[in-house]
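Here are some exercises with worked solutions. Take a look at the model first, then try each one before reading on.

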Amino acid sequence: MNQSAMIRPDWTPATIALMVLGFVVFWPLGLAMLAYILFGEKLKTFKKDANETVDGMCSAFKRGGRRSNWTHRTGNVAFDDWREAELARLDEERRKLDEMREEFDAYARELRRAKDQEEFDRFMRDRKNGGSGPIVEA
């Protein structure tokens, strides 16, 4: 099944109708729809860039000398040492989890690619054999 959106950010009859209807009902809705039509394709990139920027800032605070700005010493040396060791262990666990997630994402991408290739090969084989109708899977 195709995963494309019914209302994509483009000048389609549906988006134009929604924009006009938005202006008729309440003008900010029409303006929002116009902005979506014009800038909708850039939203994914903007969200990805914003998330990467925030993640980079947060990770910068977690490492190095800036950590001392966010956590203060309690005066109990044993507790402070234990806390630092636990934070370092948690950072290492987070790094391992991030690596595992990246590996799984790559695995899932490869599975999707293999499935798409198999479907394409089946289509080409059916087309070459003279199959005229689409194959419907149940």
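**Exercise 1.** Which residue caps the N-terminal end of helix 4?

*Solution.* This is a predicted model, where local features need pLDDT of at least 70, side-chain atom pairs count only at pLDDT 80 or more, and totals for chains, interfaces and linings use all residues. Residues are numbered from 1 along each chain as its sequence is written, and side-chain values use heavy atoms, leaving out hydrogens and water. Now for the cap: it's Asn76, with a side-chain oxygen 3.2 Å from the backbone nitrogen of Ala78.

**Exercise 2.** Work out whether the span of helix 4 agrees with its number of residues.

*Solution.* Helices are DSSP runs of H or I, at least four residues, numbered from the N terminus. The expected span is 1.5 Å times one less than the number of residues. Helix 4 has 52 residues (77-128), so it should span 76 Å. Its end C-alpha atoms are 76 Å apart, which agrees. Just after helix 4, Gly130 has a positive phi of about 95°.

**Exercise 3.** Which residues of helix 4 are buried, and is Phe79 buried, partly exposed or exposed?

*Solution.* Buried means under 20% relative accessible area, exposed over 50%, and partly exposed in between (1.4 Å probe, protein chains only). The buried ones in helix 4 are Asp80, Arg83 and Ala108. Phe79 has 36% relative accessibility, so Phe79 counts as partly exposed.

Methods:
Helix = DSSP H or I, 4+ residues; strand = E, 2+ residues; numbered from the N terminus. Polar contact = N/O pair within 3.5 Å; in protein donor to acceptor, adjacent residues only side chain to side chain.
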